[in-house]
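Subject: A structure for you to look at

Hello! Here is the structure I promised to pass on. Please open it first, then read my notes below with it on your screen.

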Amino acid sequence: MATPTSSQILPPKPSSSDFDIVATYRRLLASDPDLTMPIAAIEALVEALSHSSATTISETLTLLEHHTANLKRSISNPISLSAGTDLFRRYLYTTVQKPGATGDFQAIRNHLLSNGRQFVERTKAARDQIASFGRHFVRDGTTVLTNGGSRVVGALLRSAADASGGRTSIRFRVIYVLSPSTSSSSSSDKASTLEGEGAAIVSMLRSRGVPVATIPESAVAYSLPQVSMVIVGAEGVVESGGIISRLGTYQMGMLARAAGKPLYVVAESHKFVRLYPLGQYDLGIEQKVIEFKVIENGKEEVVETERGTPLVGGSARMLDEGVGMEDEVGKEEMEGVDEAVDFTPPELISGIITESGVLTPSAVSEELIKIWF
Amino acid sequence: MSTPTTSITPGLTSFLKSLKTKPAEPAIELLISLLKRRQIRNSRPCAIATTELLLRVVGQYNGSDADGLLRRVREVGQRLINAQPREMVVGNIVRRVLGLVREVAKDNADDVSNTTPSGALSPQQEQDGLSHPQRPPLPSTISAFSPLKHGATQPVDIPMSENLSDSIELPSRPQLISSATSYAQGTMPMGNSLFGIFQQSDTPSPSMTPLATTGTITPRVPTAQDFTVGTNRSGGKINLKAEVIEGINELADELQQADDQIAGFAMDHIHANEMILIHSVSTTVQKFLLTVARKRKFTVIVAEGSPNDAEETHDTVLNGRRKVTDELEGEDRFKPLHAAGIETVVISDSQISAIMPRINTVILATHAVLANGALLAASGASIIATLAKAHRTPVYVLSPVYKLSPVYPFNDEELIEYGDPGNVVDFSDGYAVEHFEVMNPLYDYVPADLVTLYITNIGGHAPTYLYRIVADHYYKEDVQF
């Protein structure tokens, strides 16, 4: 889905403007821990814009399209960032198409270039707003179950914890799902940062006097009877109102539904992404979660991936040459299950807490439709 | 308390009577005390009383700016809500009126400065007939709340109520305000909420100017100033007040007509020879059933709603009206169901489970509907809805729009009101009174997924769609006021 067919005919590197969008994106993400993927993508595109000397609308749009395609191609899970790039593209389209604004392309460009930093601040403000809004969900005596290292969830819980110092003392507890086993076994920096974020939230809450229990993923069902609500973050909120989130969220959703506990999603509205997955394997990304292996010549070999059929391209080559996908170049590798995502269908979600209120999952499509049509 | 007692029992009628002579302030005090003493209770009387009181308050307001009027209404509303927080309809009406003021002020501002291109579609123009498809993009939750949606959020209230009054006599349901209309016009690309982060703060875009400096955080400040400027420029005191009063009168009309409008949809939902389960007593449901009874024969099972509503239910089944309530309800005198040719069976609440397999449709009335699609109804409703779900029986909830509250139920337990335990165990039963704690919750919280369809005076809506109706009727600024 994510990569349009046109990207195949484009050169692999944006040599046209000697601007490395992927490196910029990575640098931005690394430089600011508070930056979300969609916003980093927008930032990167703005920087690309500033490096280009494009003067016409269509030149700019082509350039951006090209950079976007590059970016999507080189990031293994482009769902979240595509929310940002899509938003940016639609914004440009609608702005230049707006009656009266046609002659003013330069102004739009200048606005984007000069205000790049402001976008980030706005998203941070949105996060605070979500936190102040979502705080009301956390009441006296509630026990919140959460997972992952979502910054919004962290902000929400912190906001609730801070409120407990004041007049409105909220006594709540948190059960935090951390999976230390996978992260310690993995050498990946990224995975440990993700876990680190979760751990940071845990220690932040504990230092504020909120009792936090950390449990492994296998203990979710066991802990549910104590839980009053589940609050999770999301990488992307898809058109059906479902969410794409860290692996394990789906099962938490199913268990919560089975136990009759509400599941609330906390996400900024720029994470709404135009995607309509019909199931787990319909996300348009390749994940190495399920791999069927046999031992052949004393060596483990992947014979089939989770999609059931040997894939064209990468996996076909892999089968032929007997090498793992790790050898594939130019692509950031998916770190097994640590970075994998799953899709939580909308019927498991009680509400999506955004900066503008609590939405039902069905409200998401309307917002997306409005910017696309 | 500053309540001069009239000869009749204090209640809605006496309040409305005294409102004619009283200045605003004592009237507010009177309503507060009536609410506190539960002498005005239930959604409709509360709504009527609040509307009439606010009409008075606006009428006697001396200032000239919308800002001040907003503050005044908000202040009065706050006092009323504090008096009886669980009558959520009071808050709804106050919010509707606040929305009216905002809208009128915005219209004036638009008329004067003509800055907003799509603002040209003023509600006045809208009022000529049922012009749903021509309406400017309807605000959805996000966008209505987003400050940059300035122009597009405009025609929320007035055209709505106007359409309502227009569409009473329509044989078929009026066109649904579907999401399609929201982008049909597509004139406001800038207003799209998801673009919030790109919001221009320094480009000379006309539709954005009023909000120039603010991000998404403080929407109230610029808009309020905007209103003030606009109204001052148009010298709009009389204008503003007159238009707001007109709007409130329309709101009052809506309260009067809501039941009839809901009944207008009845033929679509009840068919010949069906068995309908209703619960407790409600004039809305009564009208709904009587409308169908003119054409079709069917059976109604009435669960009596013991202990709080049993007596009223029996009265209604026997005589077509409740005995105990205010005499204003005299206008709600109906033929009893059986006199209209409906076979009526009264059962006690404990028999609901036994009868449920035979029921075709459950029809419930509400006390309040909440933003997430859940509802509060007379206690026992939750049992019925749960059983209906288990039997795959459709549950239709009749709720006028004014009962729809933008309040999100963060904690459903605090919404439940507890009533007189004497209804459960008689106070003369000394042993029980001494040894047991007797509880009598008046309402049930029914979660959204137990409801099949909400039938409001503007049509039938799935519970998941209610967020939209909320966004159409209330400004975000007014949700917490």
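Which residues does I243(A) touch, not counting residues up to four places away in sequence? I243(A) touches V232(A), G233(A), A234(A), G236(A), V237(A), T249(A), V265(A), D342(A), F343(A), T344(A) and I349(A). Contact here means heavy atoms within 4.5 Å.

Before going on, some ground rules. This is a predicted model, in which local features need pLDDT of at least 70 and side-chain atom pairs count only at pLDDT 80 or more, while totals for chains, interfaces and linings use all residues. Residues are numbered from 1 along each chain as its sequence is written, chains are lettered from A and ligands numbered from 1 in the order in which they are written, and side-chain values use heavy atoms, with hydrogens and water left out.

**Chain A**

Chain A holds 14 helices and 12 strands; these are DSSP runs numbered from the N terminus, with helices being H or I of at least four residues and strands E of at least two. Of its 373 residues, 55% are buried, where buried means under 20% relative accessible area, exposed over 50% and partly exposed in between (1.4 Å probe, protein chains only). If you take the contacts in chain A between residues at least 6 apart in sequence, 76% of them join residues at least 24 apart. The accessible surface of chain A is about 15600 Å², and carbon and sulfur atoms account for 53% of that. Such areas come from the Shrake-Rupley method with a 1.4 Å probe; for residues, only the protein chains shown count as cover.

Back to I243(A): you will find it in strand β6 (residues 243-246) of chain A. I243(A) counts as buried because its relative accessibility is 0%. P277(A) is 34 residues away from I243(A) in sequence, and the two C-alpha atoms are 9.7 Å apart in space.

V265(A), one of the residues that I243(A) touches, belongs to strand β7 (residues 263-266) of chain A. In this strand L263(A) and V265(A) point one way, Y264(A) and V266(A) point the other way, and all are buried. Strands of a sheet pair through backbone hydrogen bonds, either parallel or antiparallel. Two strands count as paired if DSSP finds at least two bridges between them. Strand β4 (residues 229-233) of chain A runs parallel to β7(A), joined to it by 4 bridges, and I231(A) has Y264(A) as its bridge partner. β7(A) also pairs with strand β11 (residues 351-354) of chain A, in the parallel sense over 3 bridges; there, the partner of Y264(A) is G351(A).

**Aromatic rings**

Y264(A) turns up again in an aromatic cluster with F137(A) and Y408(B). The whole structure has 4 aromatic pairs over all chains. Rings of Phe, Tyr and Trp (its six-membered ring) pair if their centres lie within 6.5 Å; planes under 30 degrees apart count as stacked, over 60 as edge-to-face and the rest as tilted. Y431(B) and F436(B) make an edge-to-face pair, with 6.4 Å centre to centre and 85 degrees between the planes. Both Y431(B) and F436(B) are exposed.

**Chain B**

An open sheet of 3 strands has the order β5-β6-β8 (chain B), with antiparallel pairing. Its edge strands are β5 (368-369) and β8 (443-446) of chain B, each pairing on one side only. Strand β6 (residues 375-378) of chain B pairs with β8(B) over 4 bridges in the antiparallel sense, and A378(B) stands opposite Y443(B).

Now look at α13(B). Its buried residues are A310(B), E312(B), T313(B), D315(B), T316(B) and V317(B), and they pack against α12 (283-293), β2 and β3 (343-347) of chain B. Just after α13(B), G320(B) has a positive phi of about 85 degrees.

The loops are worth a visit too:

- A cis peptide bond joins S306(B) and P307(B), with omega about 0 degrees; P307(B) sits in the loop between β2 (299-303) and α13 (310-319) of chain B.
- N273(B), in the loop between α11 (237-263) and β1 (275-279) of chain B, has a positive phi near 65 degrees although it is not glycine.
- N273(B) counts as exposed because its relative accessibility is 66%.

Enjoy exploring, and write back with any questions!
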